[in-house]
Amino acid sequence: MVDYDVLVIGAGPAGLSAAVSANNFGAKVLVVEREPMPGGILKQCIHDGFGVIEFRERLTGPEYAERYIEKLNELDIDVLLQSFVLDIKKENDFFYVTIQNNRGVSIKKSKAIVLATGCRERTSKQIFIHGDRPAGVFTAGTAQYLVNIMGLLPCKRCVILGSGDIGLIMARRLTLEGAQVLEVYEIQSQPSGLARNISQCLEDFKIPLFLSHTVTRVFGKERLKAVEIMKVDENKKPIPSTARIIECDGLILAVGLIPENELAESLGIEMDEKTRGPVVDQNMMTSVKGVFSCGNALHVHDLVDYVTQTGKIAGRSAALYSKGLLTVNSYSEIEFSNDIAYCVPQRISFPCQEKIRLFFRVKYQKKNAKLLVRSNETITQKTFEIIRPQQTEFVDFEVSGGKIAIELAGLGGEDVEKSTKKIVCIVCPKGCEIEILDENNATFRGYSCPRGLEFAKNDLLNPKRILCTTVATIGHKLLPVKTDRPIPLESFKEVMDCVKKIVVEKPVARGEIVFENIAKTGANLVATGTSKVIEHV
């Protein structure tokens, strides 16, 4: 039996960064992944916006994943693909992990475990939509897989329930592929997705968003024919008098994500009912010593860069624990005010010799909110021009001991000013809402950097975006691609018409030009993934 210092379960962005980090701190590492390829959900996320924090670039999901896969391949890290963890037992400070794959069942021994198992989507069963079970009802992630990996268009005329980021992104993607996205419905009184995704996925394509609305019934036996829509009251109860029927052949569900934590629960790890992930300290260690959690298994993140950060911490901590260099003498639970939905980590372990990064979400959106971190006296404070429930925020601080409490001063409810004309900046994850004061003289306020001002000026006159899509290869495998510079929104249809005629006839490396000057836009179409050996038909 091969002994490992750290065994990482999951090879998505959290697991990859944890494995690389643990190796960098001298640990012998094994990664166990149930899919045929590492990369997790990033493989099908062909849109850009990833890596702005981690790599200081706007990358697509495949580009981000491949960078970490390359790091993994350069290091002495063992990887088991298409392998499933059946059981984990702890005996005498070692973990015995039972794994099944096409070679049979084996047991691996490790000093530490990192749970990087990601999350799953809520389904129609979990939101209680009435009606039969016709074909045409998909989760947003499933629709994304069908379009971006399989090259299948799941519907021609659809509606989307939920304004989560995956649903918003699929509204744009389905539109680009020729489907008609009629409307998007959100049961809450405010969107659940990021403002920049609402701007570039709905507003750019004139797709209406209805807040305080939900789908109450589906119609159709074998195939979806229509859905019933109702407005909801302040208690989220449908109002029958507002019912209307929308004819469609597709219903896309973007109604939330749930951390995957069956393995954590089987180990008896203490769970947080708010995050639905393990309770951890600043080292990402759970209530079971030697077991660490990171990424979306810990809590659902809105940025993959933050997923990677938690993976790095978990990997480093697991490596130090395996060598007896991570000791815990005492804990202090973090208390937070009612305005805060949750925070991670939930506790601080001592001795604590490094700066702590605390991630949190709020319940309401507010301008000019001040976060205070206290331990007997105020340790640190951070001011936010605007803070939203949809977005994970963080604060860094140092503490030597005592009780820790965080609160948002003056946060009493939503009082963000409503503006009739705004431009949402997509340059960075901050997503500033830039108000247009004077269109004729291009006067703005609300931007926080010169790049934001420049974006607003250009977007007012000639909106441009990076177009991300896929092209066919001679072996029918789809290759993710993007334009190497922003192109006018009005040219997207012409570019997509051209894209559908392209067939790549040879293996292509990431970053290689697939088509020059696509549709005479001046932009080249470049590969955002690496195609493998292509089999001829």
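Colleague: In what order do the five strands of the open sheet come?

Modeller: Keep in mind that this is a predicted model, where local features need pLDDT of at least 70, side-chain atom pairs count only at pLDDT 80 or more, and totals for chains, interfaces and linings use all residues. Residues are numbered from 1 along each chain as its sequence is written, and side-chain values use heavy atoms, with hydrogens and water left out. Strands (E, at least two residues) and helices (H or I, at least four) are DSSP runs numbered from the N terminus. Pairing takes at least two DSSP bridges between two strands; here it is mixed, and the order is β37-β34-β35-β39-β38.

Colleague: Which strands are the edges of that sheet?

Modeller: An edge strand here pairs on one side only. β37 does its pairing with β34 (residues 468–473), the two running parallel and joined by two bridges, with T473 opposite V504. The edge strands are β37 (503–504) and β38 (513–515).

Colleague: At about what angle does helix α10 run to β34?

Modeller: Helix α10 (residues 492–499) lies across β34, β38 and β39 (525–527). The angle is between N-to-C directions, on a scale from 0 to 180 degrees, with axes as lines fitted to C-alpha atoms, for helices over the stretch in contact. For α10 against β34 it comes to about 20°.

Colleague: How many of the eight residues of helix α6 are buried?

Modeller: The helix covers residues 195–202 and packs its buried residues against several elements, including α5 (165–176), β12 (180–186) and β31 (433–438). Its buried residues include R196, N197 and Q200. α6 is largely enclosed by the rest of the structure, because the number buried is eight of the eight.

Colleague: How far apart in sequence are the parts that F55 and Y68 tie together?

Modeller: The whole structure has 10 aromatic pairs. F55 and Y68 make an edge-to-face one, 6.1 Å centre to centre with 65° between the planes; rings of Phe, Tyr and Trp (its six-membered ring) pair if their centres lie within 6.5 Å, with planes under 30 degrees apart called stacked, over 60 edge-to-face and the rest tilted. F55 is in the loop between β3 and β4 and Y68 in helix α2 (residues 61–74), so the parts they join are apart by 13 residues.

Colleague: Whose charged end sits over the ring of F55?

Modeller: F55 also belongs to one aromatic cluster with Y64 and Y68. A charge sits over a ring if NZ of Lys or CZ of Arg is within 6 Å of the ring centre and within 35 degrees of the ring normal. Over F55, at 5.0 Å from the centre, sits the charged end of R67.

Colleague: Which residues does Q44 touch, leaving out those up to four places away in sequence?

Modeller: Q44 is in the loop between β2 (29–32) and β3 (48–50). Its relative accessible area is 9%, so Q44 counts as buried. With contact meaning heavy atoms within 4.5 Å, Q44 touches G141, Q144, Y145, N148 and I149.

Colleague: What is the phi of D93, roughly?

Modeller: Most residues other than glycine have a negative phi, and most peptide bonds are trans. D93 lies in the loop between β6 (84–91) and β7 (94–101), and at 56% relative accessibility it is exposed. D93 is not a glycine, yet its phi is positive, about 70°.

How values were computed: Buried means under 20% relative accessible area, exposed over 50%, partly exposed in between (1.4 Å probe, protein chains only).
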